[in-house]
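Q: I would like to learn how to read a structure one feature at a time. Could we begin with helices and then move on to side chains?

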Amino acid sequence: MSEPPVYSPFFGAMGASAAMVFSALGAAYGTAKSGVGIAAMSVMRPELIMKCIIPVVMAGIIAIYGLVVAVLIAGKLDASSKGYSLYSGFVHFGAGLSVGLSGLAAGFAIGIVGDAGVRGTAQQPRLFVGMILILIFAEVLGLYGLIVAIYLYTKTGNS
């Protein structure tokens, strides 16, 4: 049996990087966009600041999804001479892209909904429940990516 190519771990490392980078970009965008809405809303209704911080918390959770997958992939990453196959590299790359890109999309959705939602809640408090429901549906997009990434991660089977 031949040794795996020397570049096999590159794809695993790129998967771990993609998981962290893209999910952190989504979380950062969601936090920034929602934070701008909170700042604008707090001028009119400062008593709602703590209630309307929920979109920022939800955006931060997206980064945790990427962190979990990146740490899992990095834990299995090894030199090709120690048996890290090209298959493992490709699967880890796919897992990283899965959680990373879905986290990016979820972060964009959370940011846009959070910004509009907290501004709307300042004017009409009954919008709060609707905002939370929409945020949950946006957050679950990142969760779907995490589930697929963990499923892919378990398919490698080495070490």
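A: Let us begin with length: the expected span of a helix is 1.5 Å times one less than its number of residues. The model here is a predicted one, and in it helix α2 covers residues 54–76, which is 23 residues, so the helix should span 33 Å, and this agrees with the 34 Å that separates its end C-alpha atoms.

Q: Which residues of α2 are buried?

A: A residue counts as buried when its relative accessible area is under 20%. In α2 the buried residues are P55, M58, A59, I62, A63, Y65, G66, V69, A70, I73 and K76. To read the spacing in such a list, remember that an α-helix has 3.6 residues a turn, so residues three or four places apart point the same way.

Q: What covers the buried residues of α2?

A: The cover includes three other helices, namely α1 (8–44), α3 (86–123) and α4 (127–153). Leaving aside residues up to four places away in sequence, M131 touches P55, V113, G114, G117, V118 and T121. The C-alpha atoms of M131 and G114 are separated by 7.3 Å, although these residues are 17 apart along the chain.

Q: How many aromatic pairs are there, and how are the rings of F11 and F90 arranged?

A: Two rings are paired when their centres lie within 6.5 Å, and the angle between their planes then gives the kind of pair. By this rule there are 5 aromatic pairs. One of them joins F11 and F90 edge-to-face, with 4.7 Å from centre to centre and 65° between the planes. Because F11 lies in helix α1 and F90 in helix α3, this pair ties together parts that are 79 residues apart in sequence. Another pair, Y29 with F108, is stacked, with 4.2 Å from centre to centre and 15° between the planes. Here Y29 belongs to helix α1 and F108 to helix α3, so this pair too ties together parts 79 residues apart in sequence. Y29 counts as partly exposed at 28% relative accessibility, and F108 counts as partly exposed at 37%.

Q: Which residues form one aromatic cluster with Y7, and where is Y7 placed?

A: The cluster is formed by Y7, F10, F11, F90 and F93. Y7 sits in the segment before α1 and is partly exposed, because its relative accessibility is 46%.

Conventions. Residues numbered from 1 in each chain as written. Predicted model: local features only at pLDDT ≥ 70, side-chain atom pairs only at ≥ 80, totals over all residues. Heavy atoms only, no water. Helix = DSSP H or I, 4+ residues; strand = E, 2+ residues; numbered from the N terminus. Buried < 20%, exposed > 50% of the residue type's maximum accessible area, 1.4 Å probe, protein only. Contact = heavy atoms within 4.5 Å. Phe/Tyr/Trp six-rings, centres within 6.5 Å; stacked < 30°, edge-to-face > 60°.
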